[in-house]
Amino acid sequence: MIWGVVQFPGSCDERDALHACEVASGEARLIWHEERELGGVDAVVIPGGFSYGDYLRAGAIARFSPAMEAVAGFAAAGGPVLGICNGFQVLCEAGLLPGALLRNEELRFICRQVELVDAGGGRLSIPAKHGEGRYHAPEDALDRLEANGQVAYRYATDQNFNGSARDIAGVSNEAGNVLGLMPHPEHAVDPLTGSTDGLRVFEAVAAAGARA
Amino acid sequence: MTVELAKHRELGLTDSEFELIVEQLGREPNDVELAMFSLLWSEHCAYKHSRKLLGRLPTEGERVVMGPGENAGAVDVGNGYAVAFKVESHNHPSAVEPFQGAATGVGGILRDVFALGARPIAILDSLRFGELDSVRSRHLLDGAVRGIGHYGNSIGVATVGGEIYFEEPYEHNCLVNAMCVGLARTEDMVRAAAAGVGNAVVLMGASTGRDGIGGASVLASAELGEGDEAKRPTVQIGDPFEESKVLECCLELLGKGLLVSLQDLGAAGLTSSAGEMAAAGGVGIDIDVARVPLREADMEPFEIMVSESQERMLAVVEPARVPEVLAVCEKWQTGGTEIGVVTDSGQVRILRDGEVVGDMPVESLVDGCPLYDLEPGEPQGWIYGNRATLTPEATAEQELLALLAAPSIASKRWAFEQYDSVVGSRTVRRPESADAAVLRLPEAGNAIAVSIDGNGRRVACDPYEGTVEAVLECAQNLACVGAEPLGLTNCLNFGNPEKPATAWQLDRAVSGLADACTALGVPVVGGNVSLYNEGPDGPIYPTPVVGMVGELPDPARTAGSAFAKQGDAIGLVGPFAPTLAGSELAKQRGVLDAGLPRSDVTAVAAACAIVRDAVRAGRLASAHDVSDGGLAVALAEAAIGAGLGCRVDLQPLRDRGCQPEEALFGEGSGGFLVSGDRATLEELGATLLGEVGGEAIEIAAGDRSVAVPLAEAERAWRSLPAQAERDGA
């Protein structure tokens, strides 16, 4: 399996994402934001960071990049896409995922190891680090997300530090091939640095790719 | 003549310095030249009151790759890799505007490290503010922490450690010292010396504006006082996005071997980087200010030369490679402009569209400033204030809780959670989980540990001994995670060196630093001096901040500071002889006085080796340096971190002659609180004190025995957010 990690000016976690993809399964390569082709990759990661400085609004400029146009086409064709933190914000801005990410309730950037619960009830311990990670969508949209099984990850009890609606940490699109989450699975692929639970997120994306 | 005199004085030069410039030039300087001289001859750039002292520091060592004089120091970590690091102050800008002051402090130290070709992998900060019951201190703390987070988080470099102290003498003049650690392939590293007559000088990064004009001379080289709000325009504005692009651009250029040398633009902007590059290379440099990309079209040549606009780098490039260099700048959407040329003239010449507007000998500009001898005068007794917040009637329990809640001792989670500590996937030990941050280096096959320390109050009590203690504490912190020191960087934050008492503090502190480093065999590979840290009420505590980098062979073999499991034995290793002199308890009782007992550096070094080896062998369950608040606070921290109580008896310390309260709360070097298997602790020669377990911190100390429920101790220790955010911020 070949992963592509999109790199914007201002991306921070692209090298960690590359490494995590390699640990999870196989090969990984960077895709420069000006590229219009994804080069035949099997899955795409939009990494964390501050693409284009997050000027205007987090992810608002990145969605217009040539590489994101290619990612939109790739996703429409059923290709698996994972957006992490800023990548999640970019995917929401691009309309590939529902909802939006607002400033944390306490208005501060917070970096903390958090407990997540996946759709199957499994628990993951993964670091989160962001200033704008409060998931928001209209109530009826949230109801639909839950009814469709699109809530991929929730913060466990007492772990929702940013005030996200219904404790939502990550969502997928209706087709299930595009996933975004605020916590950082790419920083949780080695017991030495905290946990290996992040690998399960990459495996879930790879599995979505295999089904496609 | 009177008008001229007024002008140079306004720029911070003395009459005799001005006369020396006239003598060296053979004429009076024009406005451009005077502006440039005033910056490079400022305290901030010329170190004119400290350079003579710094010659005492040991700088040689077999692992040293780059020493003082480069943008940062560097040590060999094996397998062809080197670790570059440096600490630098941004005190005065932060006191005037804390968010941007702290943010650009981080930005500046990052540039120093990637200027060598090293990718920044970690940031640490050492911060000092007034007491938290002051609204000004809360404002400065909040702004500085946000600023550090803003810059470090946005650029994607992990902030892995640091320390914060709150003391009245920092009320007006807070300290913001930032340290950066970077990793480089040794063969890819570059120096800052300009070389190759005819080579192009290329300015990269942001455009040049009117921000930060006079930062080095007006702001950093004079005391703070009333009306400092008017100095806000001298504070630079940071843009981490621009820096992120310049960083990647520079590392790509160096990786491709396209640069001859590289230097960041910091204090004194183009003036200092061009001058220093020329001086280091023994060449001349021509700069055409008309080619410098500007934010405002009508800038004067002197403004362009002294602007401290951030996120700029200066490179020397072979002419044939200029197009390739500019193409990489274009790829990263950052500036790249050829603005000058390396010459054999030995002069720094400033041109505007070919017309010479300034022409000065490099040697005179960079090294011509007179160096001054200090005139030290030892003050009589304690020259700072005392403010009692604890009465002598307080019980030992009340004292322990008051110490745990003291902002200098309480958990700093509120601050470090605002920093990304995990980006880069190297952080094996995150903040507050161990005495030093541990970062793995898969490239070199090992790991490094990093710590930054300096207790100004103790240095105020005894500048020599307090500085020795700062070095020892750093070494002890490294030993606790199994690391051996490789090198040291320092930032000397002091008051006005023209005053005898401050001169004496500086002189004694540098001697203490030199002696401790020599005794431990740790070379000083770089540093920074920040003087004139004074407010209307007088000078800050003398505050040498020491940053140390150590090596450990296996990142899987480190120890945390928290106890690990019920039933483990608790012991004390090292020549710990606590007294209340200079302690947090003495501060709270309002009985601070001059004088500290001597540390036995050799014995502390031996204890460091015992702990280091035991940690590396996986024989200790926890290791924690005994520091602020003494053994009782160290025990409480280890217990709170584990969620486990402890039962100990300090009789062994009393047998050594300690009074009960000295055994509990006394401070001094050389103490390691360790836990693990009882037989192992005995083999290591530890003094057994008790065992881990229960739901309380129970410490028998004669008539001052303490028993505090763990939950109550934790509440006190976690009270910083409530103290910092009482304005509802």
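Which residue in strand 2 of chain B does Val64(B) stand opposite? Val64(B) stands opposite Val75(B). The model is predicted: local features need pLDDT of at least 70, side-chain atom pairs count only at pLDDT 80 or more, and totals for chains, interfaces and linings use all residues. Residues are numbered from 1 along each chain as its sequence is written, while chains are lettered from A and ligands numbered from 1 in the order in which they are written.

Strand 1 and strand 2 (residues 73-78) of chain B run antiparallel and are joined by two bridges. Strands (E, at least two residues) and helices (H or I, at least four) are DSSP runs numbered from the N terminus, and two strands pair if DSSP finds at least two bridges between them. In chain B, six strands form an open sheet of mixed pairing, in the order 1-2-3-6-4-5. Strand 1 (64-66) and strand 5 (159-166) of chain B each have a single partner strand, so one side of each edge strand is left without a neighbour in the sheet. The twist averages 25° from one strand to the next; axes are lines fitted to C-alpha atoms, for helices over the stretch in contact, and angles run from 0 to 180 degrees between N-to-C directions.

Elsewhere in chain B, strand 9 (residues 284-288) and strand 12 (residues 347-352) pair in the parallel sense over four bridges, with Asp288(B) opposite Leu351(B). Leu351(B) also has Val356(B) in strand 13 of chain B as bridge partner. Strands 12 and 13 of chain B form a hairpin with two residues between them, and Asp353(B) in the turn has a positive phi of about 50°.
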